[in-house]
Amino acid sequence: MLLAIQQAHLALADGDVPVGAIVVFDGRIVGTGFNSREKNRDPLGHAELTAIRAASLNLDRWRLTGCTLYVTLEPCPMCAPAIVQARLDRLVFGAYDPKLGAAGTVFELILREEYPHRVEVIGGVREEECAEMLRNFFSRCRKDRD
């Protein structure tokens, strides 16, 4: 999770919401990503999607079985189904998202009986550290707006 937090700091440096992600396979990092919506003017520039895309390219396959995704914030309703579709074995996230969390907090879009693939979900890893980074970011945004 520390490496995902480092990725989140890269998003923060670009003025984006500080969310970072890494994909690990066989003990090595095969994909990294951080929010880049502002920098790239891309609504799909979420940390999870960037890390999944990088892992697929590095492993030369779209099925990411055997991989774990670490992300600093609970995935949103767009990213959660992508995690299932990529066939990741495990999702580990830091902060829970009380507004858009799609790994069980607001929506359940990962652990559904209808899906043929099961993803293990572990939430709250380094939760306070991840949540604090987000709180500070949004607090600064509100101050700048006022």
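Helix H1 (residues 2–13) and helix H5 (residues 127–145) pack against each other in this predicted model, with an angle of about 10° between them and their axes 11 Å apart. Helices (H or I, at least four residues) and strands (E, at least two) are DSSP runs, numbered from the N terminus. Axes are lines fitted to C-alpha atoms, for helices over the stretch in contact, and angles run from 0 to 180 degrees between N-to-C directions. On the H1 side, the contact is made by Leu 2, Ile 5, Ala 8, His 9 and Leu 12; on the H5 side, by Glu 129, Cys 130, Met 133, Phe 137 and Arg 140. Contact means heavy atoms within 4.5 Å. By class, 7 of these residues are nonpolar, 1 is polar and 2 are charged, where Ala, Val, Leu, Ile, Met, Phe, Trp, Tyr, Cys and Pro count as nonpolar, Asp, Glu, Lys and Arg as charged, and the others, Gly among them, as polar.

Residues are numbered from 1 along each chain as its sequence is written, and side-chain values use heavy atoms, with hydrogens and water left out. Local features need pLDDT of at least 70 and side-chain atom pairs count only at pLDDT 80 or more, whereas totals for chains, interfaces and linings use all residues.

Gln 7 is also placed in H1. Gln 7 is buried, with a relative accessible area of 13%; buried means under 20%, exposed over 50% and partly exposed in between (1.4 Å probe, protein chains only). Beyond its neighbours within four places in sequence, Gln 7 contacts Gly 20, Ala 21, Ile 22, Thr 32, Gly 33 and Phe 34.

The largest nonpolar core has 37 residues. Such a core is a set of buried Ala, Val, Leu, Ile, Met, Phe, Trp, Tyr and Cys residues joined through side-chain atoms within 4.5 Å. At least two residues each come from H1, strand E1 (20–25), helix H3 (47–59), strand E3 (67–73), helix H4 (79–85), strand E4 (90–95) and H5. Val 23, Leu 64, Leu 69, Ile 83, Leu 88, Leu 91 and Ile 110 touch the most other members. Not counting residues up to four places away in sequence, Val 23 touches residues including Ile 29, Val 30, Ala 51, Ile 52, Leu 69 and Leu 88.

Ala 103 lies in the loop between E4 and strand E5 (120–122) and is buried at 12% relative accessibility. Its C-alpha atom is separated by 6.4 Å from that of Pro 75, 28 residues apart along the chain. Among the other contacts of Ala 103 are Leu 91, Phe 93, Ile 110 and Val 121.

A search of the whole structure finds 0 disulfides, a disulfide being a pair of cysteine sulfur atoms within 2.5 Å. For Cys 76, the nearest cysteine sulfur is that of Cys 79, 3.8 Å away. Cys 76 is buried at 13% relative accessible area, and Cys 79 is buried at 0%.

Most residues other than glycine have a negative phi. Asp 60, in the loop between H3 and E3, has a positive phi near 55° and is exposed at 72% relative accessible area. Arg 126, in the loop between E5 and H5, has a positive phi of about 55° and is partly exposed at 39%.
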